[in-house]
Amino acid sequence: MAAPKSNVEEIRNRVILGEYGIRNVHTTDFPGNYRGYDDTWDQKKFEENFRVDIIEMDESTGTLEFDMVGIDAAIANAFRRILLAEVPTMAVEKVFIYNNTSIVQDEILAHRLGLIPIKADPRLFEYRSAGDEEGTEIDTIQFQLNIKCSRNPRATKDSTDPSELYLNHMVYTKHMKWIPIGNQADLFSEADICPVHDDILIAKLRPGQELDIVMHCVKGIGQDHAKFSPVATASYRLLPEISLMQAVEGDLAEKLKHCFSKGVIEIENVNGRKFAKVVNSRLDTCSREVLRYEELKNKVKLARVRDHFIFSVESTGILPPDVLVSEAIKVLMAKCRRFLDELDSSQVD
């Protein structure tokens with residue numbers, strides 16, 4: 001017997017969170033699967049349903065939250081993976097150590113330098129050619145780190161604080177100096193090319209120890225090495241949906257409120273009686289805590305909207321998060337064009 005239409009809509013559009021499992025996790029709205037539904041892909045229909053809503057953007061922390069509605073999970077995940085691994089950035093690739101008398105081994109020091117996010121717009125540089133060891137102004141950024149620790153002659157005799165006893169005993173990214181190559185000094189300023197943060201600790205020195213290092217930064221993607229990844233994190237989750245199947249009042253309303261994240265459920269006074277009300281299901285973490293209680297589990301229905309994705313993007317500071325999103329879209333579009341070109345060429349062959 002065919003399922004009622006209301007149940008079909010739920011199967012197609014909602015992921016249900018049950019007490020002992022999660023239902024409707026697979027996409028089922030493909031052509032011919034449901035009688036009476038035309039699920040053939042239609043561009044006009046897609047354009048009407050698809051939208052992107054910017055929820056919050058904080059330039060000071062480099063974070064962006066936005067909703068992407070009307071797409072399949074496969075596309076959303078492809079977009080997330082592109083953000084992580086295929087949007088290019090500039091990072092330290094070659095480290096020339098001329099002198100290192102610190103206690104940090106050369107290979108560990110080189111690894112630490114490679115992970116420092118470099119503020120430089122990768123769109124203004126080219127990929128370095130394979131086998132090119134020197135690099136040019138169009139594909140390489142050069143930094144120098146030359147610092148030596150010494151005793152502070154003005155330190156008091158009884159002092160035990162290293163900050164007072166020694167000079168240059170803490171090596172930070174602010175000590176990295178940009179050395180322009182070719183005509184880079186005419187094209188960029190020191191504010192354009194520098195470490196994203198100037199307070200990242202590189203090494204600790206003691207009197208007599210010094211570092212003399214030259215670094216070459218090149219363009220790359222996170223697929224090759226994590227140091228090229230432009231985001232600290234890029235994730236998505238489905239929009240939660242909480243429905244009260246029955247009125248919940250009194251002490252049960254208070255109990256229900258504490259089963260969810262703060263701001264999801266609020267208490268409403270109606271003629272002196274307290275009733276639970278869903279205020280903002282978006283804030284819920286879908287812990288299913290409410291399903292532990294026999295007196296509450298049949299009064300609430302937990303679900304997630306299948307095609308509503310809440311994206312959270314946190315930039316490392318190399319590029320603003322909104323720019324990273326636009327660059328990821330360009331990469332995805334280029335992949336689609338390449339795939340269509342390959343299809344056309346295979347048909348010709």
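Colleague: Which residues are linked with D121 in a network of salt bridges?

Modeller: D121 is linked with R123, E327 and K330 in that network, where a salt bridge is a side-chain nitrogen of Lys or Arg within 4 Å of a carboxyl oxygen of Asp or Glu. Please keep in mind that this is a predicted model, in which local features need pLDDT of at least 70 and side-chain atom pairs count only at pLDDT 80 or more, while totals for chains, interfaces and linings use all residues. Residues are numbered from 1 along each chain as its sequence is written, and side-chain values use heavy atoms, with hydrogens and water left out.

Colleague: How many salt bridges does the structure hold?

Modeller: The structure holds 19 salt bridges. One of them joins the side chains of E19 and K297, at 3.1 Å from N to O. E19 lies in the loop between β1 (14–17) and β2 (22–23) and K297 in helix α8 (residues 294–297), so this pair ties together parts that are 278 residues apart in sequence. Helices (H or I, at least four residues) and strands (E, at least two) are DSSP runs, numbered from the N terminus.

Colleague: Is K297 buried or exposed?

Modeller: K297 counts as buried, at 17% relative accessibility, whereas E19 counts as partly exposed at 34%. Buried means under 20% relative accessible area, exposed over 50%, and partly exposed in between (1.4 Å probe, protein chains only).

Colleague: What about K335, which residue does its side chain meet in a salt bridge?

Modeller: The side chain of K335 meets that of E86, at 3.0 Å from N to O. K335 lies in helix α9 (residues 321–348) and E86 in the loop between α3 (73–85) and β5 (89–100), so the two tie together parts that are 249 residues apart in sequence.

Colleague: And where does R273 sit relative to its partner E249?

Modeller: R273 forms a salt bridge with E249, with the closest N and O atoms 2.7 Å apart. R273 is in strand β17 (residues 273–278) and E249 in the loop between β15 (231–244) and α7 (251–257), 24 residues apart. R273 is partly exposed at 43% relative accessibility, and E249 is partly exposed at 33%.

Colleague: Switching topic, how many helices and strands are in the protein chain?

Modeller: The protein chain has nine helices and 18 strands. Its radius of gyration, taken over C-alpha atoms, is 28 Å, well over the 20 Å that the globule rule (2.2 Å times the number of residues to the power 0.38) gives for 349 residues, so the chain is more spread out than a compact globule.
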